[in-house]
Amino acid sequence: MSERIREKLSILADAAKYDVSCASSGSKRKNENKGLGNASNGICHAYTEDGRCVSLLKILLTNHCIFDCAYCVSRKSNDIKRAAFTVQEVVDLTINFYRRNYIEGLFLSSGIFKNADYTMERLVRIAKKLRTEENFHGYIHLKAIPGASDELLQEAGLYADRLSVNVEMPTEQSLKLLAPDKNRKDMIAPMKYLKGAIIANKEEKKLFKKAPLFAPAGQSTQMVVGATPENDLQVLWMADQFYKKMNMRRVYYSGYVPISNDNRLPAIGTPVPMIRENRLYQADWLLRFYGFSLQEIVDQENPVLDMDIDPKLAWALRNPQLFPVDINYADLYMIMRVPGIGVGTAKKIVAARKHQQLTADHVKKLGIAWNRARHFITCAADAYTHKDLLPLQLKSLIMQQTTSKYQPNFSPQLKLF
Amino acid sequence: MVTMLYDGSFEGWLTAVFEVYEYKYAAVQIVTSEQHQPNVFATIKNVVTDEAKAERVWKGLKQKISANAVAQVYKTFLGEEIGVENKLLEYVQYAFSRPQSIESDFAHSAVLYVWQMAKKVHREKHRMEAFIRFQKMKDNLYYAVCQPDYNVLPLIERHFKDRYADQQWLLYDTRRKYGLYYDLQNVSVVEMHFSEESNEGKELQHAFDEHEALYQVLWKQYFDSVNIAARKNTKLHIQHMPKRYWKYLPEKRQL
């Protein structure tokens, strides 16, 4: 019995690991009636050996699938071991892992067996059982199955903290090429439904405090990058649309991990595009928290993110006329745009300067990346005089003084050892 | 120079602060009786912890700085850094000397110190919320040992009480030799003394619930299965999950 469950867990966790969604924050579910759990703060409980966080028990209900998407391990044509959990098994694993403080909750996805509604109905049944029978208030993230009916989505929203539909590919052509059984419309329809239902629930909450929660942590999506030829402009444009039109909380970018010998895809052994993925997340952050518009990060002239420097530094080098920024007088918005200064530090600078003029020694201690920021700011009693460096000279100066973990990747020199 | 000796408790330190004002000490140093190194040139003053005095200082501070900053003072104290009593005294004196709140004056060394230390302690609090692993005993008690860098048990009590309202749990700090016990109603402080071996849970095997070993195995299985070998990044792994915590994590132990 225990051997079988162990085997299922290994198969169905392994198959779910390419889903990069990991968040367990942003919900507001409180423990009530002396129940179990509290989904109000996100905690990463472990980190895998590849450095990604483990916050939720992320598993598939089953890896049986009627679809044949080229980039997916669970695709119909792949010759792998298949397994399926029972409803009770998933409930037991979740509760017992949660009680031992291994996880924040459950992330449940599934291969499509039979059809969308049949699959979705089972996912919902597990979430319902956790909430109503186990009095569980931990985090639940359900994967909405493209093509599932509105009634099931509605029910899912009542039990889940977050719902997501993966858009998979940044463009429809790529989706057609790699996932012939799927179509964009089936993915967009549930997103639209969820968006409407989430907004309606917020309105209802304002009127009636007791109104039930509906996906309080919102919805998210993910797309695979590096499997198809889209550039960063296309990827980020798509993400920007999701943030603006679908009220997405997060868009995840999943650097393609070669898993099949399909000639439509990069061959096995092709490195995972980790730097690109990292740069996309940095750009995403600039969109969501730093007030940047998409055009400032990528446009028709610069459709690809720099791989050797982060997108904020790249933007600053393209706009030398805006710098240097005076730390003691510039507004918060402009200070946040200085390379090497984050949102938190920018706020601290603005708060601290009310008490006294800030010198370079002061700002250094506030936790900014001085070797980058110094070229873009002036302080009181400035010891560093700004030389008239051209953007290219500045870039090489900064890169000489920074050691990037990706440095070896930039070298044109072949490494023999 | 006056050296004030206190008992090491937060209330004790607050009492000392009260007495600095009461006796108008200018050059003063606050130390725990334990850490005190006799110095012939200093006058020794013993501080007797007095709740009323402590309360007055605490209340006064709340009127000068925000609730958030008051919490930072407490967190900084729990950081247990040598000399923290005097850094905090400097902070409190600065706060009382100004009409407006000084908590965001990060160019002031004491303010910056409190901000940074509170942040470090807060991070350790968060890591404990993440890396505490409970083991279920035969009598349904969920038991965990930890060894936090800072004295964060008082800070995580609320978190675990809110989260595990329906299970009895015991959290034990092996370095500071005390623990928290939740009996389904209240959390109380317990003091116990374990031998080194039992700290690691080795002597407790026989007292585990019959399914405990299974769930540890399943968790380790899960942890191994979600790893993507093609993305291996040991440095990042260790940065997020420092080795000093490994002995308490079933997923990093050889089972």
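Leu184(B) is partly exposed, its relative accessible area being 31%. The model is predicted.

**Backbone geometry**

- Most residues other than glycine have a negative phi, and most peptide bonds are trans.
- Leu184(B) has a positive phi, near 85 degrees, and is not a glycine. In chain B, Leu184(B) sits in the loop that runs between β7 (178-182) and β8 (187-190).
- Asn33(A), also not a glycine, has a positive phi of about 50 degrees. The loop between α1 and β1 of chain A holds Asn33(A). With a relative accessibility of 69%, Asn33(A) counts as exposed.
- Phe323(A) and Pro324(A) are joined by a cis peptide bond, with omega about 0 degrees. Pro324(A) belongs to the loop between α10 (311-318) and β9 (325-326) of chain A.

**Helix α6 of chain A**

- Helix α6(A) covers residues 184-207, 24 residues in total. From first C-alpha to last, the helix reaches 35 Å, close to the 34 Å expected at 1.5 Å a residue.
- Where α6(A) starts, a side-chain oxygen of Asn183(A) comes to within 3.1 Å of the backbone nitrogen of Lys185(A).
- An α-helix has 3.6 residues a turn, so residues three or four places apart point the same way.
- The buried residues of α6(A) include Arg184(A), Met187(A), Ile188(A), Met191(A), Leu194(A), Ala197(A), Ile198(A) and Asn201(A).
- The packing partners of the buried residues of α6(A) are α4 (150-159), β6 (162-164), α5 (172-178), β7 (219-225) and α7 (232-245), each in chain A.

**Contact between chain A and chain B**

- The size of an interface is often given as the accessible area lost when the parts come together. Between them, chain A and chain B bury about 5,000 Å², with 57% of it on carbon and sulfur atoms.
- Chain A gives 57 residues to the contact and chain B gives 58 residues.
- Five salt bridges are found across the interface. One of them links Arg100(A) and Glu212(B), whose closest N and O atoms are 2.8 Å apart.
- In polar contact between the chains are 32 residue pairs.
- Elements of chain A that each give two or more residues to the side touching chain B include α1 (2-14), β3 (56-60), α2 (87-99), α8 (274-289) and α12 (343-352). The largest share of that side, seven residues, is from α1(A).
- By type, the residues on the side of chain A that touches chain B are 25 nonpolar, 17 polar and 15 charged.

Note on methods:
Residues numbered from 1 in each chain as written. Chains lettered and ligands numbered in written order. Predicted model: local features only at pLDDT ≥ 70, side-chain atom pairs only at ≥ 80, totals over all residues. Heavy atoms only, no water. Helix = DSSP H or I, 4+ residues; strand = E, 2+ residues; numbered from the N terminus. Expected span 1.5 Å × (residues − 1). Buried < 20%, exposed > 50% of the residue type's maximum accessible area, 1.4 Å probe, protein only. Contact = heavy atoms within 4.5 Å. Polar contact = N/O pair within 3.5 Å; in protein donor to acceptor, adjacent residues only side chain to side chain. Buried area = accessible area lost by both parts, 1.4 Å probe. Salt bridge = Lys/Arg side-chain N within 4 Å of Asp/Glu carboxyl O. Nonpolar A, V, L, I, M, F, W, Y, C, P; charged D, E, K, R; others polar.
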